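Welcome, and thanks for keeping your viewer open. Let's go through this model stop by stop, selecting a few residues at a time.

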Amino acid sequence: MINNKINMNKSLMALVVIIPIMTLLSFYIYMEYIKTKDEIFKVIQEHLMNEKMHLFKNYAHYITLKYGKELRTKVMTDKSLAKNLEDELRLLQGNEIQYLYILYKAEDGKFRYILDATEDEEERADVNQKFDVHSDIWEKAYSSKKVAITQQQGLQTLWITMAYPLVVEDEVIGVLGADFTYDVYSAIVTTLSPLEKIFLYINIFMAIMLLLAYLLVYLYYKTRKKAFIDPLTKVYNRQYLTDFLERNSLQDYALFIIDLDNFKHINDNFGHDIGDEVLISVVNTIKLNIRENDILIRFGGEEFLILVYKEDTYDIVSIANRIREKVMRETIFAQDSKINMTISIGINPVPYKAKNIEEAIKIADEQLYIAKSSGRNIVKIFSDVVATKSRTTKRISDIQDAIDSQRVQCALQPIYWAESNQVVKYEMLMRLVDLNGSLIMPMEFIPYIKHTQVYINLTRIVLERAIDLLQRNDYALSINLDLQDILNEDILLLLQEKFLDKKELASRLTIEILEHEEVNDFELINSKLLFLKEIGFKLAIDDFGSGYANFRYLMSFDIDILKIDGSIIKNIDKDKTAYNIVKAIVAFAKEMNMDVVAEQIETKEELETVLEIGVKYLQGYYLGRPSFEYNK
């Protein structure tokens with residue numbers, strides 16, 4: 001299953017993980033504190049209870065041993081004895097005991113006083129006075145002949161009532177009762193209260209932080225998702241592509257580029273509102289005919305990209321034709337108009353073989369261009385499908401056969417001068433045409449013929465085409481050569497031979513040097529470049545800014561033009577870093593008296609941004625695609 005979720009920022013992810021853990025830890029500590037406080041209270045309570053139990057046990061033993069079963073009779077008949085016993089009983093009170101008394105159970109089942117040691121005489125009960133029972137502990141003490149206790153714990157105070165049976169010869173003759181309280185709790189609470197408040201405030205704070213963290217996650221996803229969604233069509237925009245490819249491999253996908261045929265006529269004839277309705281309707285049709293694992297992206301105004309997920313059995317051409325036919329058969333009702341649209345589709349079935357996503361898209365875009373040039377409402381697939389079934393295009397003999405059969409073509413892409421908005425130069429882009437009429441990109445055959453005579457033959461054809469075009473036109477051209485080509489003596493002799501006594505033509509030809517590795521032999525390369533300058537060629541560094549090697553040898557060589565790498569131009573209107581890089585390159589080139597070309601301009605916004613920076617030469621699909629028509 002593909003991972004098409006929006007990637008979370010690592011810092012935010014850490015926040016979302018750490019804060020809940022800290023909150024749980026804080027809550028755990030607080031609960032452990034409450035548990036510890038309760039255990040302290042229990043320990044204190046148990047200690048105090050045991051202390052009173054021991055005291056009452058000794059007193060019970062003393063009074064039952066001394067008076068036995070005659071205790072109640074003697075107290076009731078001898079007032080002085082009653083007073084003396086109450087005074088003795090009062091000695092047990094201490095500071096905690098509020099009420100201390102001995103009760104007996106009368107024949108009517110009610111409890112009455114034998115002795116009352118209450119300090120206040122006005123509150124003291126008389127002998128045989130009825131005792132108002134508020135608890136069943138007295139009955140429990142009588143029936144069980146064991147001590148009975150009831151207690152109530154307030155916020156800061158512990159209240160206890162104890163009934164201790166006076167047993168003589170296995171008969172309960174009375175119950176020693178006590179009501180007492182312990183203020184030691186207030187001291188504990190006073191000591192622990194600040195700490196408890198701290199823990200409570202920490203928990204409240206962490207709970208708030210947890211809510212804020214999840215709110216941030218919600219807002220992050222909402223904002224980030226909004227940033228990746230095209231507001232009109234509600235499908236992904238091109239910014240999502242970079243995020244998606246950070247988590248997924250192109251090896252799992254085929255790549256479609258879809259363009260609405262003659263969409264400009266819709267806007268011109270019906271207006272942009274109707275154009276938007278048509279665009280939305282076509283997108284909805286496409287969405288209904290792709291699978292859940294396919295990724296639909298609005299790549300430009302009326303241009304869409306689909307990453308088609310590869311399964312064990314799939315036919316990408318059939319998928320593309322199904323989409324094309326569904327769109328063609330759909331009638332769009334917009335206001336009072338019925339509109340039928342068609343689409344053209346270019347397919348790159350193996351985008352992972354390209355050096356980057358930009359190159360993979362270019363290959364699909366080339367096929368789209370062929371589809372539109374061939375009459376529109378057509379699906380064109382990159383010939384690597386043929387190459388996968390049969391590797392003939394990769395064999396030297398077959399490439400030589402393409403040369404012999406005149407199946408080598410050169411498309412031209414215009415380069416504009418910003419101040420006049422006029423084409424001042426074309427870049428020559430070599431293509432092979434296979435036996436089925438499909439174009440084969442250089443990356444599919446050049447690696448197999450490097451350092452062979454076939455490669456020299458191809459270079460000779462390109463140079464001859466360049467000379468022919470320069471002789472028939474007044475514009476300039478540029479061709480691409482590797483740095484290794486510059487070091488190849490056969491290539492240098494060929495350049496010298498073809499432009500012998502053609503100084504004026506050489507002055508209108510720029511050699512764009514391709515280099516992606518660090519330069520080592522500066523002196524040797526410099527000598528070869530000076531040789532080219534003597535012939536009359538201009539020299540340009542292609543893909544400038546894509547690596548550190550370019551800048552190093554730039555300082556040593558006599559370079560005329562810098563072509564800024566297309567990956568930097570992409571989204572320059574949104575990417576502040578790219579903007580600053582291009583600004584710095586333009587300033588540097590001005591100091592070095594060099595021209596600057598911005599290539600791969602694909603949107604109006606990118607164009608406006610590079611113009612604002614001060615780039616003078618412009619190239620890209622937004623301005624003009626490679627075409628064979630310019631050769632005429």
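One term first: buried means under 20% relative accessible area, exposed means over 50%, and partly exposed is in between, with a 1.4 Å probe and protein chains only. The model is predicted, so local features need pLDDT of at least 70 and side-chain atom pairs count only at pLDDT 80 or more, while totals for chains, interfaces and linings use all residues. Residues are numbered from 1 along each chain as its sequence is written, and side-chain values use heavy atoms, with hydrogens and water left out.

**The whole chain**

Start with a cartoon view. The protein chain has 22 helices and 22 strands; these are DSSP runs numbered from the N terminus, helices being H or I with at least four residues and strands E with at least two. Of the 632 residues in the protein chain, 49% are buried. The chain exposes about 32,600 Å², and 52% of that comes from carbon and sulfur atoms; accessible areas come from the Shrake-Rupley method with a 1.4 Å probe, and for residues only the protein chains shown count as cover. Counting contacts (heavy atoms within 4.5 Å) with a separation of 6 or more, residues 24 or more positions apart account for 67%.

**Stop 1**

Select Asp 230 and Arg 298. They form a salt bridge whose closest N and O atoms are 3.1 Å apart; the term stands for a side-chain nitrogen of Lys or Arg within 4 Å of a carboxyl oxygen of Asp or Glu. Asp 230 is in the loop between H5 and strand E6 (236–237), Arg 298 is in strand E8 (residues 295–298), and 68 residues separate these distant parts of the chain. Both Asp 230 and Arg 298 are buried. By this rule the count comes to 29 salt bridges.

**Stop 2: a salt-bridge network**

Now select Lys 563 and Glu 512. Their side chains meet in a salt bridge at 3.1 Å, N to O. Lys 563 lies in strand E20 (residues 561–564) and Glu 512 in strand E18 (residues 509–514), so the pair ties together parts that are 51 residues apart in sequence. Are these two buried or exposed? Both Lys 563 and Glu 512 are buried.

For another pair, pick Glu 504 and Arg 508, a salt bridge with its closest N and O atoms 2.9 Å apart. Glu 504 is partly exposed, at 47% relative accessible area, whereas Arg 508 is buried, at 15%.

**Stop 3: aromatic rings**

Show Phe 228, Tyr 236, Tyr 240, Phe 244, Tyr 253 and Tyr 309, which form one aromatic cluster. Rings of Phe, Tyr and Trp (its six-membered ring) pair if their centres lie within 6.5 Å; planes under 30 degrees apart count as stacked, over 60 as edge-to-face and the rest as tilted. By this rule the count comes to 15 aromatic pairs. Why is the pair of Phe 244 and Tyr 253 classed as it is? Their ring centres are 5.6 Å apart and their planes are at 70 degrees, so the pair is edge-to-face. Phe 244 and Tyr 253 are both buried.

Next, look for charges over rings, meaning NZ of Lys or CZ of Arg within 6 Å of the ring centre and within 35 degrees of the ring normal. The charged end of Arg 238 sits over the ring of Phe 299, 4.1 Å from its centre. The charged end of Arg 72 sits over the ring of Tyr 104, 4.4 Å from its centre.

**Stop 4: a nonpolar surface patch**

Switch to a surface view and select Leu 200, Tyr 201, Ile 204, Ile 208, Leu 212 and Leu 215. They form a nonpolar patch with about 560 Å² of accessible area together. Patches are made of residues with over 30% relative accessible area and no salt bridge; like charges are joined within 9 Å, nonpolar side chains (Val, Leu, Ile, Met, Phe, Trp, Tyr) within 5 Å. Leu 215 is partly exposed, at 43%, as is Ile 208, at 44%.

**Stop 5: positive phi**

Most residues other than glycine have a negative phi. Select Asn 262, where phi is positive, about 55 degrees. Asn 262 is in the loop between strand E7 (253–260) and helix H7 (263–270). Finish at Asn 593, where phi is near 60 degrees. Asn 593 is exposed, at 71% relative accessibility.
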